[in-house]
Amino acid sequence: MKTEYDVLIIGSGASGGMAAHTLTKLGVKCIMLDAGALIDPEKQRVLKPVSDLPYRGFGKPGRFPHVTQASEFNANMWADEKENPYTYDSADPYYWVRIRLVGGKTLAWGRASWRLSNFEFKCKDHDGFGENWPIEYQDLAPFYDRVEPLFRVSGRTENLPQIPDGVFLPDESRDSLCVQRFLDSCRKQEVPTTKQRRSTGTLASSLNLLLPAALETGNLTLVPNAIVRELSKDPKSGKVTGAHFVDRVSKRDFHVKAKVVVLGASTLESTRILLNSNLANSSGILGHYLFDQFYVKNVVQAIVPEARGGKAPRNLMGGGGYIPRFRNLKTKSKDFIRGYSYDFGSGNSPGPQYFPAYGEKLWQQLADAQGTGFSLTTMGEVLPRFEHAVRINKTKTDAWGIPVLHIHQKYTANEFAMAKDSMDTAAQLCRESGFEILAKHAQMVPPGESIHELGTCRMGSDPKKSVLNQWNQTHDIKNLFVVDGGAFVSGGSQNPTLTILALTLRASEYLAEEMKKGNL
Amino acid sequence: MQRRSILHSMLGLATAAQAWQDPTAKLPTTAAEAAAMGLPRFFAPVDFAIFADLGQALIPPFDGRPGSLEAEAAEFLDFLLGQSPSDIQTLYKQGIATFKLRQKSGMDAALQELAAPWTNSGSSTPYAKFLNAAKLAFYQATVNSRQWAEAMATRSRGAAGIGSYWLPIE
């Protein structure tokens, strides 16, 4: 490829898509490389009964040992684990969940759209742990304001400082009677609640909300099936000059030239590219401070007794909501710092595993409990620690001969204490609502499974303690930017995609301005 | 996600990550193909009959719905187990051997571990783990069967079990 582009964007998901959307509208000529195929999600999917699937919905055994989200229905969507291996110490498994398609994980994200607050941006000021971000909430608020309408986020204004309000499609939906009972219990315990804040629409992906507008400008060249081996660098200037990549299908190697490189390949893939390129690591921090958000799925599974036997009166069941962080805001917990949040929902049917029975008795209990369920899932903040890190495993390569990551992360005492507190609190709230508790537990899913991997390329004011400055620009190389979740310094318990989008919008406008000034 | 969690619990797939690199037997991908090729099944005939009995006890017909026998759940699970990681195969082989012995004292005695309340950390003994895994597996293989879909189609207009299937990318 002999053309020199203004900006090379690597990755097409939330961050890559937002970079392309912003830069191309500002007249910047961009080329985008994505490791996956370009698909039309509507033509890629067909309706099928589970009984027609070869494995009756179980899926082919062993195909996705680390992707608990994979079902036999969506198995073809996820990145093949054999083609894209990684390693970890057997005592500390890490579940790296990936999608290699144009649009990335926005093809399947949960759409929860929460803003971070200064409880995260200035976390060290609150409890002394870790580092503050080099920006504060007020710096990012105007960009959140512009991202939310683009992604059609619905929600309810609540004036809760830990989840700042935004520009929402108003959620006027009414709560069912069981949810109202639960909200009353929360109120008595001074536990805040709100409606979900979610991106709406049939598809809410980079593929339909960001990339079409970028392509329409005529300033974006999209190259699917392009797997980046490493970035290229001019030894004289020290600047990056583009990327070497391999075509996924033909396995032929190519090089693309650009004045600026923007990495938005996802938290761990961007860091892998930088490590394989031996770039942007004068601090020695690159790859370190890996964290995510821990989940305790169905921390409490309860039953609303009045709904048993199909006797639920109209409006008793259905709907749900969200409990934002409430620990360590005004008071201090003795067992842990930071906090957790919950998703809760009602009207589900508890599965057979919850009933200590078999045969006809099991059937009777399942029928009796159909549609009676009330359950909560905990999402907790994970503390970033230097020792939780990724490095290149020099002895293993992927299907294209590119060295893979070795990943090390595990949960520590703070997360375990938080998970237990979340179980006890959820059980208390359910009991006070008059619900019967079927089961409760505090077992976190393995690190990575929440698909909220963050850090390893973090921002900071001090180049000795961080990889990026406040504009997502590497301290070491001024024409190199990283705009995905790798930049996070802390993550709270809020789903990170909205913040990734806002940070990318902000960084991309800075990039375009600096480029115009000739500073890159 | 919940569907997948349930499916993972079946067959004891929670340990699949540890068996990531375990070699799996190269078998045909459909039950029909396997039958046509005359390949050996996972359980020996005597053990298969016991396995089918277990399925019938765990998930019998109920209120006009087919049970595991009518849904041919044992045949399907035998096919699935033949392709499963070795730790799962061992769990089922040893589980059926124990069940065979315990069955002599009656079904209630053989299945008494299923009276214990559910815990997220799993069962305390391999046999209890086997019984809980088999209960979930027979249940899901039954309600996801064609026989179940046909029976339910006459009772409800709902499109139970219909999902959006991703075609292979290329």
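In the predicted model, Leu91(B), Tyr92(B), Gln94(B), Gly95(B) and Thr98(B) of helix H5(B) are in contact (C-beta atoms, placed from the backbone, within 7 Å) with Pro126(B), Tyr127(B), Lys129(B), Phe130(B), Ala133(B) and Ala134(B) of helix H7(B). Classed by residue type, this contact comprises 7 nonpolar, 3 polar and 1 charged residues, where Ala, Val, Leu, Ile, Met, Phe, Trp, Tyr, Cys and Pro count as nonpolar, Asp, Glu, Lys and Arg as charged, and the others, Gly among them, as polar. Helix H5 spans residues 86-102 of chain B and helix H7 residues 126-143 of chain B, and the two pack with their axes 9 Å apart at an angle of about 100°, the axes being lines fitted to C-alpha atoms over the stretch in contact and the angles running from 0 to 180 degrees between N-to-C directions. H5(B) and H7(B) are therefore roughly perpendicular to each other, a term that covers angles of 65 to 115 degrees.

Residues are numbered from 1 along each chain as its sequence is written, and chains are lettered from A and ligands numbered from 1 in the order in which they are written. Because the model is predicted, local features need pLDDT of at least 70 and side-chain atom pairs count only at pLDDT 80 or more, whereas totals for chains, interfaces and linings use all residues.

Chain B contains 8 helices and 1 strand, these being DSSP runs (helices H or I, at least four residues; strands E, at least two) numbered from the N terminus. Of its 170 residues, 38% are buried, that is, have 20 or more other C-beta atoms within 10 Å of their own C-beta atom, placed from the backbone.

Between the chains, 44 residues of chain A are in contact with 52 residues of chain B. The side of chain A that touches chain B divides into 23 nonpolar, 16 polar and 5 charged residues, and strand E3(A) provides its largest share, 5 residues. E3(A) runs antiparallel to strand E1 (residues 162-166) of chain B, to which 5 bridges join it, and strands count as paired if DSSP finds at least two bridges between them. Within this pairing, Arg45(A) stands opposite Trp166(B).

Key. Buried ≥ 20, exposed ≤ 12 C-beta atoms within 10 Å, placed from the backbone. Parallel < 35°, antiparallel > 145°, perpendicular 65-115°, else oblique. Contact = placed C-beta atoms within 7 Å.
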